Amino acid sequence: MSLAVGVIGTGVMGAEHARLLRCITNGAHLAAVCDPDAGRATLAAQGAAMFTDAHALINSDQVQAVVIASPDASHAGYALACLAAGKPVLCEKPIAATAAEGLAIVQAEAALGRRLVTVGFMRRFDPAYAEMQAARAEGRIGAPVLLHNIHRNVAAPDWFTGAMAVTNSFVHEIDISRWLLGSEMVTAQVTAAPGGDPMLVTMQTDKGEIVSTEVFMNAAYGYHVHAQLVGRLGTVEMAAPTRTLTNLANAQSFAFPPNWVPRFTDAYRLQMQAWVDATKAGQTTGASAWDGFVTTLIAEQIVAGMGNLGPIHLTFPPRPALYA
Ligand code: ISE
């Protein structure tokens, strides 16, 4: 039986998730979309049902599982509504705009006693990150000591505030660093250029590993995400995010993508397929509600402590047994 999926929000990410469900994903189909903008909803729906009220989509009999790709501030309310309706949900990052809202999702899911929430930290499905994670887990580079991350965007949109470099962009490195290392972050320290962009965040894990991340929202030349994991025996890092190299006019070159959709196209496709397969098997995959909450909690503590001279000491509430 094909899984009937409803997509809330048909902006850049919602349109891509709708396309994956319509054209690429096995075992599922796009049953409905929801967006107040009828023009882009129609483009994404391509014949699927259209809603303007997200709660009506979530509660519709036509929809068995939900993808949330609406603006960040609406994620938590819709995720809670999916839990109340008992429907599996793939929620774009961040899981919530505040840690308190993220915790409410964790508590609601723990009370339900079964996991229905997956957070769309798609980098976990990127083949390069997956290889790095396997290299670490299999001990191929020895004990990890450092992780260097680079996260550069071409230009921040007008509506991007300083804090969003942390809460919307850097959350990816919080999640992927926890996942790559299998560690929890315990401290963070931020050094920002005048005006706040770029910034350098240094975190330390519970195993003493150091995680450095450059977040540069206006790097101009292209969308560029890179990671290098340094172990006691060797290092593993991403190769150029491209299949071809051009030799021309005394130089070798490759092109950077303009944004994250082409860079992570495989990750989004693999994430959707894994989520559909897991959902149909009554299982979960990817980042949990707990991972989403911890990521937002760390981001919130970093934003609050950004002016601090010393390191920010990160604190967490106890992890419910559901996420052991
Ligand atoms: C954007 O919202 C994303 O999720 C991208 O993956 C990230 O690279 C970008 O910095 C964010 O603004």
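Select tryptophan 290 to start: at 3% relative accessibility, this residue counts as buried. Keep in mind that you are looking at a predicted model.

**Stop 1: helix α10**

Show helix α10, residues 289–304, as a cartoon. Both tryptophan 290 and phenylalanine 293 lie in this helix. They are three residues apart, about one turn of the helix.

**Stop 2: the loop pair**

Move to tyrosine 221 and phenylalanine 256. What are the distance between their ring centres and the angle between their planes? A search of the whole structure finds seven aromatic pairs. In the pair of tyrosine 221 and phenylalanine 256, the centres are 5.0 Å apart and the planes are at 70°, so the pair is edge-to-face. Planes over 60 degrees apart count as edge-to-face.

Next, colour the flanking elements. Tyrosine 221 sits in the loop between β10 (210–216) and β11 (224–231). Phenylalanine 256 sits in the loop between β14 (251–253) and α8 (260–263). The pair therefore ties together parts that are 35 residues apart in sequence.

Tyr221, Phe254 and Phe256 form one aromatic cluster.

**Stop 3: a charge over a ring**

Select arginine 263 and phenylalanine 264. The arginine lies over the face of phenylalanine 264. Its distance from the ring centre is 4.3 Å.

**Stop 4: the ligand**

Centre the view on the ligand. Which residues surround the ligand? Select Lys93, Met122, His151, Asn153, Phe160, Asn168, Ser169, His172, Tyr223 and Trp260.

- Histidine 151: a polar side-chain atom lies 2.7 Å away from a ligand oxygen.
- Asparagine 168: a polar side-chain atom lies 2.8 Å from a ligand oxygen.
- Tyrosine 223: an N or O atom of the side chain is 2.5 Å from a ligand oxygen.

Finish with the surface back on. On its own, the ligand has 300 Å² of accessible area, and the protein covers 91% of this.

How values were computed: Residues are numbered from 1 along each chain as its sequence is written. This is a predicted model: local features need pLDDT of at least 70, side-chain atom pairs count only at pLDDT 80 or more; totals for chains, interfaces and linings use all residues. Side-chain values use heavy atoms; hydrogens and water are left out. Rings of Phe, Tyr and Trp (its six-membered ring) pair if their centres lie within 6.5 Å; planes under 30 degrees apart count as stacked, over 60 as edge-to-face and the rest as tilted. Helices (H or I, at least four residues) and strands (E, at least two) are DSSP runs, numbered from the N terminus. Buried means under 20% relative accessible area, exposed over 50%, partly exposed in between (1.4 Å probe, protein chains only). A charge sits over a ring if NZ of Lys or CZ of Arg is within 6 Å of the ring centre and within 35 degrees of the ring normal. A residue is near a molecule or strand if one of its heavy atoms lies within 4 Å of it. A polar contact is a pair of N or O atoms within 3.5 Å; within protein, one must be able to donate a hydrogen and the other to accept it, and residues adjacent in sequence count only if both atoms are side-chain atoms. Accessible areas come from the Shrake-Rupley method with a 1.4 Å probe; for residues, only the protein chains shown count as cover.
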